[in-house]
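Here's a quick briefing on a single protein chain.

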Amino acid sequence: MSVTYEMLLNDEQVRSYIQVGNEALYALGFTEHSFTHLNYVAENAALILKTLGHSDEMVELAKIAALLHDIGNMTNRRYHAPIGAEIARTILERYGMPYRDIGNICGAIGNHDEGTGKPVNIVSAALIIADKSDVRRSRVQETCMENILADIHDRVNYAVTRAEVKVIRTEAIAFVRLCLDLDIDFTPVLDYFEIFLSRMMMCRRAAAFLGAEFELFINEAKIV
């Protein structure tokens with residue numbers, strides 16, 4: 001039996017762990033890390049690999065890694081990547097997934113955090129780019145505008161009204177492009193780089209791992 005993204009999306013254990021993890025992050029003041037985020041990451045990881053010509057099997061592994069990549073938040077945010085990889089391993093073994101596929105997925109999950117990780121395989125590279133590209137107003141869980149303005153992570157996410165990942169292939173090279181619409185009346189572009197520079201550098205390394213170049217456009221102007 002092949003293990004699919006849809007099967008795991010409807011798994012009671014997976015859903016419960018993700019929901020509890022997002023509740024914990026809400027209590028800690030983080031942005032949304034629930035199913036909207038996970039679906040966004042899965043769709044864009046799949047888009048990246050599919051457009052770059054990778055197999056349907058690798059695309060499905062990337063979607064599964066995206067679904068499970070933040071499952072460790074239920075235990076601890078700081079170490080959520082390696083913890084999440086171990087939790088994912090037990091779930092995927094329960095489904096009888098081939099060990100090599102489990103290894104690729106868990107390697108991606110364990111290396112997706114910008115503090116400690118780097119691209120280690122194709123799944124990992126796609127996950128990193130898709131995850132770090134999810135910046136948007138609807139991720140802000142705080143409802144008090146005064147508190148949103150006071151927190152740079154909430155303020156920057158709230159200022160982003162559109163985030164779109166595009167993959168452009170030419171005969172010579174491929175580009176993975178993140179296009180953002182940023183309300184600069186709400187926060188300056190510099191604030192974005194204050195918290196996202198390390199993530200964008202990680203995306204650059206991930207794109208290179210896939211044989212592509214990473215580009216960042218903000219308000220239709222090329223930044224990177």
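Asn-219 has 34% relative accessibility, so it counts as partly exposed (buried is under 20% relative accessible area, exposed is over 50%, and partly exposed is in between, with a 1.4 Å probe and protein chains only). Keep in mind that this is a predicted model: local features need pLDDT of at least 70, side-chain atom pairs count only at pLDDT 80 or more, and totals for chains, interfaces and linings use all residues. Residues are numbered from 1 along each chain as its sequence is written, and side-chain values use heavy atoms, with hydrogens and water left out.

**The loop between strands 3 and 4**

- Asn-219 sits in the loop that links strand 3 to strand 4 (221-222); helices (H or I, at least four residues) and strands (E, at least two) are DSSP runs, numbered from the N terminus.
- Its phi is near 50°, which is positive even though Asn-219 isn't a glycine.
- Glu-220 is in the loop between strand 3 and strand 4 too, and its phi is near 70°, another positive value in a residue other than glycine.
- Glu-220 is exposed, because its relative accessible area is 72%.

**Helix 10**

- Helix 10 (residues 189-209) bends by about 65° at Phe-196, where the bend is the angle between axes fitted to the seven residues ending there and the seven starting there.
- Its buried residues include Phe-193, Phe-196, Met-200 and Cys-203.
- The buried residues of helix 10 pack against helix 7 (122-132), helix 9 (152-159), strand 2 (174-182) and strand 3 (212-218); contact means heavy atoms within 4.5 Å.
- Just after helix 10 comes Gly-211, with a positive phi of about 80°.

**Leu-38 and His-33**

- Leu-38 belongs to helix 3 (residues 35-51) and is buried, because its relative accessibility is 1%.
- Leaving out residues up to four places away in sequence, Leu-38 touches Ile-18, His-33, Ala-66, Leu-67, His-69 and Asp-70.
- From Leu-38 to Ile-64 it's 26 residues in sequence and 9.7 Å in space, C-alpha to C-alpha.
- His-33 is in the loop between helix 2 (12-28) and helix 3, and at a relative accessible area of 8% His-33 is buried.
- With the residues up to four places away in sequence left out, the contacts of His-33 include Leu-38, Asn-73, Arg-77 and Arg-139.
- His-33 and Gln-19 are 14 residues apart along the chain, with 8.7 Å between their C-alpha atoms.

**The whole chain**

- The protein chain has 10 helices and four strands, and from the N terminus they run α-α-α-α-α-α-α-α-α-β-β-α-β-β.
- The radius of gyration is 17 Å, close to the 17 Å that the globule rule gives for 224 residues, so the chain is as compact as a globular protein of that length (the radius is taken over C-alpha atoms, and the rule is 2.2 Å times the number of residues to the power 0.38).
- Along the principal axes, the C-alpha atoms fill a box of roughly 50 × 50 × 25 Å.
- Buried residues account for 52% of the 224 residues.
- Of the contacts between residues at least 6 apart in sequence, 63% join residues at least 24 apart.
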